[in-house]
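User: Walk me through this model as a tutorial. I will ask how to read each feature, and you show me the case here.

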Amino acid sequence: MGAIVGMVAALVVAGTAIALILERFIIGQIDQRLDGQIAALSTDLAKDASGLLTVGPALSGPPFDRPGSGWTWQIVGQDGRLASPSLPGQLSIPARRQGGRFQQLSGFSEWLGTVRSIGRPYPADGPGNDGEYLHWRILDVPFASGTVTIAATAPYAAIYAPLRETMFPLASALVVLGLLLIGAMMVQVRLGLRPLAQLRADLANVRAGIRTAVPKDQPSEIIPLVEELNSVLSENAEGLARARRHVANLAHGLKTPLAGLSLGLEGSSDREAPVMRAQLELMERLIRHHLARARAGALAGPPRASTNVSERLADITNMMATIYRDRHLRYEGPASSDLVVAVEPQDFDEIFGNVLDNASKWARSRVAIVASLGPRHVVIDVDDDGPGLDPVSIPEAMRPGKRIDEATPGYGFGLPIASELTQLYGGDIQLLKAELGGLRVRISLPRRQTAA
């Protein structure tokens with residue numbers, strides 16, 4: 001928009017400048033014609049036998065022979081007055097046109113007088129007999145024993161009529177030129193910004209795990225930006241790898257003392273020993289979980305996750321149907337078969353293994369799974385027809401180790417682990433009221449992006 005405003009302003013300035021130049025050119029041409037007429041009159045000026053001023057008839061030819069045309073001349077002196085046939089009356093000769101504040105400078109008027117004395121007509125402006133404004137050229141000429149004043153006029157229409165005729169096609173040409181320049185500029189901007197659109201697509205591919213870095217084959221103007229982006233991506237990947245190594249080292253470091261504690265409790269008859277052994281089992285389970293994730297991340301390197309939703313859910317529901325076969329639960333899987341999420345298969349299995357295990361524990365007869373596609377995420381709802389949760393208990397259900405019903409087998413880590421893994425992938429998990437009457441676990445996971 002700034003370029004368009006600047007371009008329009010430049011064209012307006014250019015049009016105004018051209019109009020002024022054309023005006024000066026037309027006035028110059030008219031001045032030459034009037035000065036030529038004055039020079040011819042001063043050369044042919046004479047006195048007749050009675051002592052009156054006279055000129056030859058040829059000097060009264062067109063356009064000075066048409067009354068009311070504005071083209072006139074007149075000679076005024078002590079010995080009489082002469083006028084062209086186009087001037088039926090007499091015009092008062094106006095004063096010299098003022099040139100502005102510079103004429104007030106010291107010595108400037110004397111300089112103008114010197115210029116006037118070298119025989120060059122000076123300009124003036126004034127109205128004619130019919131009120132039409134006239135452009136004047138006036139010259140004081142020595143004649144006989146005195147001085148006569150010769151003046152010639154031209155109508156301002158002679159200046160502005162051709163100027164208007166010239167400016168209309170010129171203005172049209174400037175408008176067309178402006179439109180062409182604006183169109184060319186917009187094309188240039190679009191072509192110039194096209195590499196940024198491709199850069200955005202390359203970054204989306206990096207975010208989706210299709211690429212590990214932005215391609216370096218870029219226009220020279222954005223190569224520094226690409227290098228900085230790749231440097232940031234590389235540093236982030238290195239930081240992630242270090243964090244995974246630290247997690248693995250920490251888990252390995254904890255396994256040895258935990259193993260020692262387990263051995264120490266083997267033959268213990270303490271009343272608290274069963275509780276302590278249960279807690280040790282929970283800690284070992286968490287350590288195995290994080291070790292598996294760290295190992296998978298280290299082997300996979302940068303994320304290139306891809307999991308088919310319906311295929312993996314079918315395997316998990318089959319496994320749940322086998323585990324809970326004595327309860328004769330009915331599992332209804334998602335209808336869509338082409339939904340793919342950007343999640344590692346083992347993490348997907350752990351998320352929905354925990355969620356479906358929880359739903360199977362509480363369902364009376366039915367577990368329903370519905371998957372839908374959003375702009376950037378795949379939303380998967382797992383519903384059961386169990387008793388559900390009241391809103392007050394929902395925050396407690398997401399706390400690690402917190403069990404809402406102690407009578408039901410479990411450790412209270414299923415939903416928290418699913419929530420942690422979901423958030424690690426930039427997703428979200430919600431506990432809602434299901435249409436079946438029980439609990440709805442709504443999980444939103446990033447969809448797998450295709451290469452742009």
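Predicted model: local features only at pLDDT ≥ 70, side-chain atom pairs only at ≥ 80, totals over all residues.

User: How do I read an aromatic pair, and what geometry do Phe-348 and Phe-352 have?

Analyst: Two numbers describe a pair of aromatic rings: the distance of the centres and the angle of the planes. Rings of Phe, Tyr and Trp (its six-membered ring) pair if their centres lie within 6.5 Å; planes under 30 degrees apart are stacked, over 60 edge-to-face, the rest tilted. Phe-348 and Phe-352 are tilted, at 4.6 Å centre to centre with 35° between the planes. They sit four residues apart in helix α7, so about one helical turn separates them. Helices (H or I, at least four residues) and strands (E, at least two) are DSSP runs, numbered from the N terminus.

User: How many aromatic pairs does the whole structure hold?

Analyst: A search finds four. One of them joins Tyr-133 and Tyr-156, again tilted, with 5.9 Å between centres and 40° between planes. Tyr-133 belongs to strand β6 and Tyr-156 to the loop between β7 and α3 (157–208), so this pair ties together parts 23 residues apart in sequence. Tyr-133, Tyr-156 and Tyr-160 make up one aromatic cluster.

User: Why is Tyr-133 put in one accessibility class, and Tyr-156 in another?

Analyst: Tyr-133 has 45% relative accessibility, so it counts as partly exposed. Tyr-156 has 19%, so it counts as buried.

User: Which strands make up the sheet that contains β6?

Analyst: Two strands pair if DSSP finds at least two bridges between them. Here five strands form an open, antiparallel sheet in the order β4-β3-β7-β6-β5. β4 (80–83) and β5 (122–127) are the edges; each has a single partner strand, so one side of each is left without a neighbour in the sheet. From one strand to the next the twist averages 25°. Ten bridges join β6 (residues 133–143) to β7 (residues 146–155) in the antiparallel sense. Leu-134 stands opposite Pro-155 in β7.

User: Which helix lies across β3, β6 and β7?

Analyst: Helix α1 (residues 2–44) does, running at about 35° to β6. Such angles run from 0 to 180 degrees between N-to-C directions, with axes fitted to C-alpha atoms, for helices over the stretch in contact.

User: What is the strand order in the sheet with mixed pairing?

Analyst: That open sheet has five strands, in the order β9-β11-β12-β14-β13. Its edge strands, β9 (330–332) and β13 (428–433), each pair on one side only. The twist averages 15° from strand to strand. Helix α7 (residues 345–362) packs on this sheet and touches β9, β11 (366–373), β12 (377–384) and β14 (contact means heavy atoms within 4.5 Å). The direction of α7 makes about 170° with that of β14.

User: Which side chain makes a polar contact with that of Asp-383?

Analyst: A polar contact is a pair of N or O atoms within 3.5 Å; within protein, one must be able to donate a hydrogen and the other to accept it, and residues adjacent in sequence count only if both atoms are side-chain atoms. The side chain of Asp-383 makes one with the side chain of Arg-440, at 2.9 Å. Asp-383 lies in strand β12. Its relative accessibility is 6%, so Asp-383 counts as buried. Beyond four places in sequence, Asp-383 has contacts including Arg-366, Val-367, Glu-435 and Leu-439. Asp-383 and Ile-369 are 14 residues apart in sequence and 6.4 Å apart in space, C-alpha to C-alpha.

User: What charge sits over the ring of Trp-71?

Analyst: The charged end of Arg-33, 5.0 Å from the ring centre. The test needs NZ of Lys or CZ of Arg within 6 Å of the ring centre and within 35 degrees of the ring normal.

Notes: Residues numbered from 1 in each chain as written. Heavy atoms only, no water. Buried < 20%, exposed > 50% of the residue type's maximum accessible area, 1.4 Å probe, protein only.
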